[in-house]
Amino acid sequence: MVGAGIFGLSGALELEGRGYRVTLVNAGPIPHPSAASNDVSRMVRMDYGADRLHCRLGNEAIDGWHRWNAHWGRDLYHQDGLLFLSSRPLEEEGFEGDSYRTLNEEGWSPERLGSEEIATRHPGWNSDYYIDGYFHARGGWAEAGTVVSLLAGESKARGISMVTAKVSAIGRGNGRVSGVVIEDGTEIKADRVVVAAGVWTPSLLPELDGFLRLSGQPILYFKPADPEPFRPPLFPPWGADIATTGWYGFPANREGVVKIGVHGPGYSVSPDAPRVPPGNEDEARCRDFLSHSLPALADVPLHALKMCVYTDTFDGDFLISRHPGVEGLTVASGGSGHGFKFGPVLGRLIADAVEGTPNPYLDRYAWRPVGNPATEASRYVGEANTTEL
């Protein structure tokens, strides 16, 4: 297994549980400071517009998050619910309205919120601007870095071999995989190899150039003097006109820090680029958003600014599939900015792909030619920045 982010660790644990002897190779500490699986929080949701597959898989994942909480004896998944706000009526076509309708059709009952309800229940938001929306109690956020650390500890405890080294190549010849070559030239032999290397996947598998693209997404952190108005239930995880602006965020954490991110085309980056966005336009864009959305945060000093690098597929769906031309080689990548939430079910998907076990979700995540994007893949382009880095 190459890579020890949420894909690699969940896959390694599932494969070990199925009787495989697993070696996990990672280029640095776990969680890796440059990996997409690292940070204080990741959103967990089943709200996916009209995309029923991810809605259903999200529901399965949430059950898994509750199992992980019980297993660990601590709540690293926080079911604070999710608030999605819209400046247009939900009857109009768009992510918020489509999500609301899909959830109801799937048997869930998100609470519709008009302007008055938004003002009463979530007073930090500008309810003159956001006239419609909904609150869905089944969802929340997970403490990403801590989750990865616990999965790594469990991997060691279960006898998974952990090797800290940079993989320089995948060993392959005569149509099959032979192992992985690490930076000192040593080849670690293996009958099967899973590449779950996140942003470093295209470097190891250049045939995926064009299928996978790296995008740097800005994340901003604010620390208000009084964090209480920015904690649930007043301030749950949220998305606001997300299909046109890309902005989403989280409640204040234990240290009183509010995290806000934007999901869009982002910066074109290399895998080892500094995890800080170039220039200061991201803060300016965020403050412009806050000024008409969350005015109480608009003038709060910036606490930190970083860049998370996504491994995007051309259509936004994961790539969890056997390599069509190399026997024994499986790829588990293409998180596309929404993979972490599925952590509790990713291992099963990856192990099924390794074994060739039929799984209805894997049909969508299969190795496929670059073509028209799938439903969920429409990128949030409203205010997104495409500066080259």
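The model shown here is a predicted one.

Start with the helices. Two packed helices are described by the angle between their axes and the distance between the axes. Find helix α1, residues 6–17, and helix α5, residues 144–157. Their axes come within 10 Å of each other. They cross at roughly 30 degrees. That angle falls under the 35-degree limit, and α1 and α5 are therefore roughly parallel to each other. The crossing of α1 and α5 is left-handed.

Now look at the side of each helix that takes part. From α1 come I6, L9 and L13. They meet V148, L151, A152, E154 and S155 of α5. What classes do the residues of this contact fall into? Six are nonpolar, one is polar and one is charged.

Helix α5 has another partner to visit. Helix α2 covers residues 52–72. The angle between α2 and α5 is about 65 degrees, and their axes lie 13 Å apart. This crossing, too, is left-handed. On the α2 side, the contact is made by W65, W68, H71 and W72. On the α5 side, V147, L150, L151 and E154 take part. The contact of α2 with α5 again divides into six nonpolar residues, one polar and one charged. Look back at L151 and E154 of α5: they meet α1, and they also belong to the contact with α2.

Next, turn to empty space. Rolling a probe the size of a water molecule over the atoms shows where empty space is left. How many cavities of 30 Å³ or more does a search of the whole structure find? It finds four. The largest cavity has a volume of about 50 Å³. Its lining includes P33, S34, A35, A36 and N38. R275 lines it as well, along with K306, M307, C308 and V309. Six of the lining residues are nonpolar, two are polar and two are charged.

Conventions:
Residues numbered from 1 in each chain as written. Predicted model: local features only at pLDDT ≥ 70, side-chain atom pairs only at ≥ 80, totals over all residues. Heavy atoms only, no water. 1 Å grid on protein atoms, 1.4 Å probe; cavity = no way out; pocket = protein on both sides within 12 Å on 5 of 7 lines; lining within 4 Å. Points joined across faces, edges and corners; volume = space filled by probe spheres on them. Nonpolar A, V, L, I, M, F, W, Y, C, P; charged D, E, K, R; others polar. Axes fitted to C-alpha atoms, helices over the stretch in contact; angles between N-to-C directions. Helix = DSSP H or I, 4+ residues; strand = E, 2+ residues; numbered from the N terminus. Parallel < 35°, antiparallel > 145°, perpendicular 65-115°, else oblique. Left-handed = near helix turned anticlockwise from the far one by under 90°. Contact = heavy atoms within 4.5 Å.
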